[in-house]
Amino acid sequence: MIKNRAASLTLIIFIYVLAAFCGLFTYNYLTDIYSFSYQVSLFIADVLATVLVFIFSLIFKNASVYDPYWSVQPPVILGIALAKVSGTGANGAGLLCGLLFAAVLFWALRLTANWIYNFESFEYQDWRYVMLKEKSGRLYPFVNFFGIHLFPTFVVYLCVLPAVTAISEGAAFRPACLIFIILSFLAAVFQGIADVQMHRFRAEGTGGFIRTGLWKHDRHPNYACEILMWWGIGLASVAALGGQWWLLTGALVNTLMFLFISIPMADKRQSRKPGFAEYKKATRML
């Protein structure tokens with residue numbers, strides 16, 4: 001077990017660089033040798049990169065090795081899509097590509113920075129993973145791979161797929177796209193504000209429930225912004241493509257994941273604190 005924070009971060013970076021190269025090699029191999037579609041190639045490459053991260057999580061006996069994948073995955077995928085596109089810009093496609101990538105990159109940098117801020121060392125593991133391990137017992141290896149690793153990878157892939165499709169198919173920028181991209185930028189900004197407010201509250205050590213700032217208005221502003229982020233990207237891409245509404249499946253699945261998995265788990269943990277029933281009644285969920 002590596003307890004040093006700097007050494008742990010260095011190793012995490014190495015793991016993710018390795019995973020990125022694994023994914024890139026797989027994508028190029030499938031598209032160049034077997035002529036797979038970009039959607040299938042990206043998905044298979046994404047899964048193999050996840051498997052690599054999963055192997056390291058087993059080596060270090062810590063599922064939180066996967067935590068940065070949520071924010072690192074989308075800009076890498078979009079970067080690959082952009083690298084494959086040439087000659088854009090004549091009909092506004094270049095502007096659309098730039099705005100979509102900028103929004104996702106801004107969100108990713110902020111979320112990854114927040115993860116780094118909270119990261120201590122390999123001694124730390126997300127409380128949800130610990131809870132799942134205690135509840136699942138012998139089934140934990142399956143829960144770990146399919147629930148903690150593969151399912152989030154699948155969700156985020158679906159969320160970023162609209163932008164990948166818009167970029168790959170040379171969709172033209174439309175005025176409506178700007179509205180939705182601004183929504184995504186604002187969602188990332190307010191998500192950052194919510195995180196800073198939570199950091200300050202925890203540093204005060206007063207305990208109880210945070211009822212200031214954005215947290216005064218709802219119990220999970222960070223989750224609300226995460227939901228809005230991907231609806232913005234999805235709607236901007238669909239508007240640019242002039243349809244293909246099925247691409248909003250990712251934003252929908254992401255929303256359902258928070259409503260029926262993430263938020264209930266967080267509320268259940270909070271319910272151990274005295275006064276939660278009153279707090280829940282007085283403060284909206286989202």
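Gln244 is found in the loop between α8 (221-241) and α9 (249-270). Helices here are DSSP runs of H or I with at least four residues, numbered from the N terminus. Gln244 has a positive phi of about 55°, although it is not a glycine. At 29% relative accessibility, Gln244 counts as partly exposed. On that scale, buried means under 20% relative accessible area, exposed means over 50%, and partly exposed is in between, with a 1.4 Å probe and protein chains only.

Before I go on, a word on the source. This is a predicted model, in which local features need pLDDT of at least 70 and side-chain atom pairs count only at pLDDT 80 or more, while totals for chains, interfaces and linings use all residues. Residues are numbered from 1 along each chain as its sequence is written, and side-chain values use heavy atoms, with hydrogens and water left out.

Back to the backbone. Lys61 also has a positive phi, near 55°, and is a residue other than glycine. Lys61 sits in the loop between α2 and α3 (69-84). Is Lys61 buried or exposed? Lys61 is exposed, because its relative accessible area is 71%.

Next, the helix packing. Helix α2 (residues 38-59) and helix α6 (residues 140-168) pack at an angle of about 150°, with their axes 9 Å apart. The axes are lines fitted to C-alpha atoms, for helices over the stretch in contact, and the angles run from 0 to 180 degrees between N-to-C directions. The crossing of α2 and α6 is right-handed. As for the term, a crossing is left-handed if the near helix is turned anticlockwise from the far one by less than a right angle, and right-handed if clockwise. On the α2 side, the residues in contact include Tyr38, Asp46, Thr50 and Phe54, and on the α6 side they include Phe145, His149, Thr153 and Tyr157. Contact means heavy atoms within 4.5 Å. The residues of this contact of α2 with α6 divide into 15 nonpolar, 8 polar and 1 charged. For that division, Ala, Val, Leu, Ile, Met, Phe, Trp, Tyr, Cys and Pro count as nonpolar, Asp, Glu, Lys and Arg as charged, and the others, Gly among them, as polar.

Thr153 is worth a look by itself. Thr153 lies in helix α6 and is buried, with a relative accessible area of 1%. Thr153 and Thr50 are 103 residues apart in sequence, and 7.2 Å apart in space, C-alpha to C-alpha. Which residues does Thr153 contact, leaving aside its neighbours within four places in sequence? They are Asp46, Thr50, Tyr66, Tyr69 and Gln73.

Helix α6 also packs with α9. Their angle is about 140°, and their axes are 7 Å apart. That makes α6 oblique to α9. Oblique is what remains when angles under 35 degrees count as roughly parallel, over 145 as roughly antiparallel and 65 to 115 as roughly perpendicular. The crossing of α6 and α9 is left-handed. From α6, Phe151, Val155, Leu158 and Cys159 meet Gly250, Ala251, Val253, Asn254, Met257 and Ile261 in α9. The residues of this contact of α6 with α9 divide into 8 nonpolar, 2 polar and no charged.

Past α6 there is a loop. Ala171 is found in the loop between α6 and α7 (175-204). At 6% relative accessibility, Ala171 counts as buried. Ala171 and Val238 are 67 residues apart in sequence and 9.3 Å apart in space, again C-alpha to C-alpha. Not counting residues up to four places away in sequence, Ala171 touches Ala93, Leu96, Ala166, Ala240 and Leu241.

Now to helix α1 (residues 5-32), where Ser8 is placed. Ser8 counts as buried, because its relative accessibility is 0%. With residues up to four places away in sequence not counted, Ser8 touches Ile2, Phe119, Ser121 and Phe122.

Last, the aromatic rings. How many aromatic pairs does a search of the whole structure find? It finds 18. Tyr29 and Tyr34 form one that is edge-to-face, with 5.6 Å centre to centre and 65° between the planes. The rings of Tyr34 and Phe36 have their centres 6.0 Å apart and their planes at 50°, so that pair is tilted. Rings of Phe, Tyr and Trp (its six-membered ring) pair if their centres lie within 6.5 Å, and planes under 30 degrees apart count as stacked, over 60 as edge-to-face and the rest as tilted. Ring pairs link Phe25, Tyr29, Tyr34 and Phe36 into a cluster. Within it, Tyr29 is partly exposed at 37%, Tyr34 is partly exposed at 47%, and Phe36 is partly exposed at 35%.

Terms used. Helices (H or I, at least four residues) and strands (E, at least two) are DSSP runs, numbered from the N terminus.
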